[in-house]
Amino acid sequence: QVQLVESGGGSVQAGGSLRLSCAASGRTFSRSAMGWFRQPPGKEREFVAAISWSGGTTYNADSVKGRFTISRDNARNMVVLQMNSLEAEDTAVYYCAAEDSPKNRVSTYYSTEDKYNYWGRGTQVTVSS
């Protein structure tokens, strides 16, 4: 059974940092692009960051550029989202996602939900101002 499990969420004051991890099990995602999305209270889920299977290409939403960094460790089947300078507007449930395309270029990443096949259950991040 394929699972993506997020961890590292919690409550933090504005300006603080959190490090989210997503551990995959059931299969390897070493050739899959992966991403992070979030759903703020009362809003639609939105894209946060994505990374190619090689880890060499990353892409962030404008709202988190310069503050969030996505990375991955294919040996551990894991992707990480380092979040710095957190703002109240970053409060949301954060979801990890993985796609399953048979042939991805080394630099391919995806920023839309429809490209992803597997999703975690999410982890809550609350930033107080």
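Predicted model: local features only at pLDDT ≥ 70, side-chain atom pairs only at ≥ 80, totals over all residues.

Residues are numbered from 1 along each chain as its sequence is written, and side-chain values use heavy atoms, with hydrogens and water left out.

How many salt bridges does a search of the whole structure find? Seven, where a salt bridge is a side-chain nitrogen of Lys or Arg within 4 Å of a carboxyl oxygen of Asp or Glu.

Start with D100 and R27, whose closest N and O atoms are 2.6 Å apart. This pair links distant parts of the chain, 73 residues apart: D100 sits in the loop between β9 (92-98) and β10 (118-119), R27 in the loop between β3 (18-25) and β4 (34-39). Strands here are DSSP runs (E, at least two residues), numbered from the N terminus. D100 is partly exposed at 36% relative accessibility, and R27 is partly exposed at 27%. For the cut-offs, buried is under 20% relative accessible area, exposed over 50%, and partly exposed in between, with a 1.4 Å probe and protein chains only.

Next, D90 bridges to R38, with closest N and O atoms 2.9 Å apart. D90 lies in the loop between β8 (78-83) and β9, and R38 in strand β4, so the pair ties together parts 52 residues apart in sequence. Buried or exposed, D90? Buried, at 1%; R38 is buried too, at 4%.

Third, E113 pairs with R45 at 3.1 Å between the closest N and O atoms.

Finally, salt bridges that share partners join R38, E46, R67, E87 and D90 into one network.

Definitions and conventions:
Helix = DSSP H or I, 4+ residues; strand = E, 2+ residues; numbered from the N terminus.
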